[in-house]
Amino acid sequence: GNVIINATNSVSLDGSQSVIFSSVGDIDDTPEQRNATKGNGGIIQITSPQLSVTNGAGLEASTYGQGDAGNVIINATNSVSLDGSRTAIFSSVGNINDTPEQRNAIKGNGGNITIDSGSFSLRDGAVLFASTFGQGNAGTIKVNTAVDVTISGKSSNFNSGLYVNSQSPTGTAGDIIVTSPRVTLDNSGTLNAQSATGNGGNINLQSDLLIMRHGAQISTTAGTARQPGNGGNITINAPNGFIVANRGENSDITANAFDGSGGKITIKATDIFGITPLSRQELERLRPDDLDPSKLQTNDITAISQTNPSLSGTIEINTPDINPNSGLVNLPSVPIDTKLAQGCNSPNYAKSSFIITGRGGLPPNPKDILTPDAVQVDWVTLNPNIDKGNSPSVSTHPTNPTPEPIVEATGWVFNDKGEVVFTADASTTPRSSWQTPAKCRT
């Protein structure tokens, strides 16, 4: 049957004895009992603003017989959090401790784990695990959040993460699909869709920002038991975002295979920082014995076949082609001869300016004021006690001629050469050549 929980406030499971499960058969069933157990498992569905699973508590939908396991469906408007070692949500086909006879008696497929929430977090060894140890395929894990996904921490058993795993000679690993504006993998946080003997699963990540720190791993490796199987595909789609990894922390993206073909890694992002592709030739030079990129202290993207160089996968990284030099214009090496523009009072007078310094006490433009660093020349002030009309004329015969006194200019005129001459006695007769205001050309 189904397990359905609707809560208006929150749902909390705490401690290793706190378990919600839906099962086809039992973990201790003999091969004969498993062959006789038929029927599909029911679903586990929780609808609540908040779900908290801590300290070894869990949810499990599994099959040990001939039927398919049920699905686990979580709808939380605020948050879903799992914290602590052995804290998990399982979708399982068989068990890791099953005998070969018990595994061969299981024919069902694993169920899917689907989480829709505001935010989602796995910490300190907590996991989401969809696996197959029997003849069937593992289920798929889907996480969709409105805010963020945070996967961080490890325990003695597992690194915190999402795992779809196939240990079956015939079953395949499921897929991992994560959609969130921000995804953080920290302190060995993992997305893993691998297979021991068959093909690896696929990982599809849609986000505006992917942060990988302190040994974070995204892997679809196949043939972990040194058996055939092709690596799965990894697609990271952040067309308007970024992928960021801190250098020297051994965070890797891998779609490798042991005996089969490497998978395909496709990344679309505005830019990628701190993590770069690593070819098989470069990996051979750095680790000639085992070709294991996880043992390098660098952040690497690899898609290789460990036993066959011709079966390497592909890495496709799509980032915008932005050339910082494309908008630059080479300026002439010889300065352009410039002239100071004449000012005017026209309404269409341009407000732009071109300033040339070094004109002494004159402003660069007739409309400008004197700058503090300009050289100023004081005006000459006449002595008001001198009466020119009553002063007697004195005739002397000096050895050197006496210089004429400096008289303050009262106007200016054009001479015969057309030059402007400042004068103390300007003519009052109107002359259109100098009294007509200058007009601006438009």
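This is a predicted model: local features need pLDDT of at least 70, side-chain atom pairs count only at pLDDT 80 or more; totals for chains, interfaces and linings use all residues.

Colleague: Fine. How many bridges join E13 and E16, and in which sense do they pair?

Modeller: Strand E13, residues 176-179, pairs with E16 over 4 bridges, in the parallel sense. Valine 178 has leucine 205 in E16 as its bridge partner.

Colleague: And what about E16 and E19, how many bridges there?

Modeller: E16 and strand E19, residues 234-245, are joined by 4 bridges and run parallel. Asparagine 204 stands opposite threonine 235 in E19.

Colleague: Which side chains of E16 are buried?

Modeller: Ile203 and Leu205 are buried, and they point to one face.

Colleague: Switching to loops. Where is arginine 226?

Modeller: Arginine 226 is in the loop between strand E18, residues 217-219, and E19.

Colleague: Why does arginine 226 count as exposed?

Modeller: Because its relative accessibility is 60%, and exposed means over 50%.

Colleague: How far apart are arginine 226 and threonine 307 in space?

Modeller: They are 9.8 Å apart, C-alpha to C-alpha. In sequence, arginine 226 and threonine 307 are 81 residues apart.

Colleague: Last topic, aromatics. How many aromatic pairs does the structure hold?

Modeller: It holds 5 aromatic pairs.

Colleague: Which residues form the aromatic cluster?

Modeller: Phe90, Phe129, Phe158 and Tyr163 form one cluster.

Definitions and conventions: Residues are numbered from 1 along each chain as its sequence is written. Side-chain values use heavy atoms; hydrogens and water are left out. Rings of Phe, Tyr and Trp (its six-membered ring) pair if their centres lie within 6.5 Å; planes under 30 degrees apart count as stacked, over 60 as edge-to-face and the rest as tilted. Buried means under 20% relative accessible area, exposed over 50%, partly exposed in between (1.4 Å probe, protein chains only). Helices (H or I, at least four residues) and strands (E, at least two) are DSSP runs, numbered from the N terminus. Two strands pair if DSSP finds at least two bridges between them.
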